[in-house]
Amino acid sequence: MRIFLISALAAISITATHCTPAKMALAEENWLSKKEYPVEGRKSIFSKERMNFGEYYTTTAKRSWTQGTSARSGWTKGNAMDPGFENIISVEYINRRQTLRFELADDKGNQSEVFCVSKFKAEDLLIGKNPNNLLNIASEVLLNIEPSESKYYVQIHTSRGKGPWQLVFDNQSWQRRPKQAAGVVALNKEDFYSLVPVTQMQRKDGTAANMPFGAIGIEVRNKQDKPVAAVSMINKGVVYLSDVPVEERFLLANICAALLMQEQIGG
């Protein structure tokens, strides 16, 4: 499914080079405000070049976070029967699967550490009895959680936040059920966002046209189901952020960066 997605996006990009640049279409009436930020450096994150959009930029990006180089481990240790137990992916699993750690910063002094794991199955994410567990929240936010071989898991630790915020995204549902939310980002049961596929492209006259298949971007919606951020996966990528408080805006930038990073983790 991931290969199919990359091929579909590549086809869109190639087509765009022979005419006008392809652009994702967003329903303007659903947004209170938004600003568009082209992404630079997405394809070169493991070189000296950093990925950036607007005032947000990566300060480091590494393919593994199991070497003890960070102040945080990216996973939680404890007893799964403890009511306070959070989500955990075992070290053994991480060592044999694709992982990525990156740091994001902005020009206002905000900093974060972000830990990502790609291509895992839901049953590989161990959970306890805590009602604030990511999968417990996801089961309430998402209409249906299907068995999948290609889920994407992220932890976001911000310097000024309570964290970690946790993200789970289903790559297969994203393409198979583009009308429904395919992921969730949550701090607890009260603070969460849903990740909704975007399936429309912008015509030359500015109107929206439905894609014949699949999705080309992701909209981040708050718990009132209003879009507050979005990311386009076409070409180099584009991030859209709404005019929300600085701390929330930085969190949304981290979410968009993590979604953009998934393709770079590799097979």
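Tutor: In this predicted model, twelve strands form an open sheet with antiparallel pairing, in the order β1-β14-β13-β12-β9-β8-β7-β6-β5-β4-β3-β2.

Student: What makes β1 and β2 the edge strands?

Tutor: Each of them, β1 (35–38) and β2 (52–53), pairs on one side only.

Student: How do you know that β4 and β5 pair?

Tutor: Two strands pair if at least two bridges lie between them. Strand β4 (residues 99–105) and strand β5 (residues 111–120) share seven bridges, in the antiparallel sense, and therefore they count as paired. Within this pairing, E103 stands opposite E113 in β5.

Student: Why is N171 called buried?

Tutor: Buried means under 20% relative accessible area. N171 has 5%, so N171 is buried. This residue belongs to helix α4 (residues 171–176).

Student: What makes the link between N171 and Q262 a polar contact?

Tutor: The N or O atoms of such a pair must lie within 3.5 Å, one able to donate a hydrogen and the other to accept it. The side chains of N171 and Q262 are joined at 2.7 Å.

Student: Why is the pair of F53 and Y56 called tilted?

Tutor: Planes under 30 degrees apart count as stacked, over 60 as edge-to-face and the rest as tilted. The planes of F53 and Y56 stand at 40 degrees, so this pair is tilted. Both residues are buried, and together with F250 they form one aromatic cluster.

Student: How do you know that R50 sits over the ring of Y57?

Tutor: The distance limit is 6 Å from the ring centre, and the charge must also be within 35 degrees of the ring normal. The charged end of R50 is 4.1 Å from the centre of the Y57 ring and sits over that ring.

How values were computed: Residues numbered from 1 in each chain as written. Predicted model: local features only at pLDDT ≥ 70, side-chain atom pairs only at ≥ 80, totals over all residues. Heavy atoms only, no water. Helix = DSSP H or I, 4+ residues; strand = E, 2+ residues; numbered from the N terminus. Buried < 20%, exposed > 50% of the residue type's maximum accessible area, 1.4 Å probe, protein only. Phe/Tyr/Trp six-rings, centres within 6.5 Å; stacked < 30°, edge-to-face > 60°.
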